Amino acid sequence: MTKSTIQYTTKHLKELGLFIEVSGRTDSERSRKKALEEIERRMDDPEDTSLDENSFADGLSSEDLIVVGPPSAVESPEDEPEIIQAVKAIANLASLRVTLEEIQQQALELRPVIEALFSPEPLTPEQMQQATDKSFAKTLIKFAEAKAARDQFLPEAQQAWQVLKPALDNVDTDSNPVLSSVQNSKTDKS
């Protein structure tokens, strides 16, 4: 049985082509904490030259972590039933969707500032401060990355739904003999 893992990167690590892989099934605070601990371990490891104490001069928090595309069905064990792969894909879509919606709310709060940037009117001091704040760009980047990850995974999730939907539709009649006999008697009368 293979161990479930999740991969993370950050904007900085992505530029270097580095990914941090930790045990876990979904993106969670616990998984993010493990990823941060792994990054710190690699920064402290004198034999690992990919990261050092200057790698994150502005600091690093769990919010800076980016989930690298969820495991695809190709990575699933071949003997794993298609319906289990479908359920995993739907669970991954749920995680991507929740992440997207959470960051989308934060990005929407920045919309007035973005619209002001395209206006011929001068920016107010408050708008200037917001537009140059580190969190402004970070939030928009996280939003773009979350949307891209969800959009990229959506076709796979839609295929998974095509597998899962009929199975869910049949659950009612398959698991309930009374419903099954009622369904059969309706079919016989037709």
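**Close-ups of a predicted model**

**View 1. Asp64 pairs up with Lys138 in a salt bridge, with 3.1 Å between the closest N and O atoms.** Asp64 sits in the loop between helix 2 and strand 3 (66-67) and Lys138 in helix 6, so this pair ties together parts 74 residues apart in sequence. Counting a side-chain nitrogen of Lys or Arg within 4 Å of a carboxyl oxygen of Asp or Glu, there are nine salt bridges. Helices (H or I, at least four residues) and strands (E, at least two) are DSSP runs, numbered from the N terminus. The model is predicted: local features need pLDDT of at least 70 and side-chain atom pairs 80 or more, while totals for chains, interfaces and linings use all residues. Numbering runs from 1 along each chain as its sequence is written, and side-chain values use heavy atoms, without hydrogens and water.

**View 2. Here is the second largest pocket, about 460 Å³ in volume.** Its lining has 18 residues, and Lys11, His12, Asp58, Asp64 and Lys138 are the closest to its centre. Helix 6 gives the most, six residues. A pocket is an open set of points on a 1 Å grid over the protein atoms alone where a 1.4 Å probe fits, with protein on both sides within 12 Å along at least five of seven lines; lining residues have an atom within 4 Å of a point. Volume is the space filled by probe spheres set on the points, joined across faces, edges and corners.
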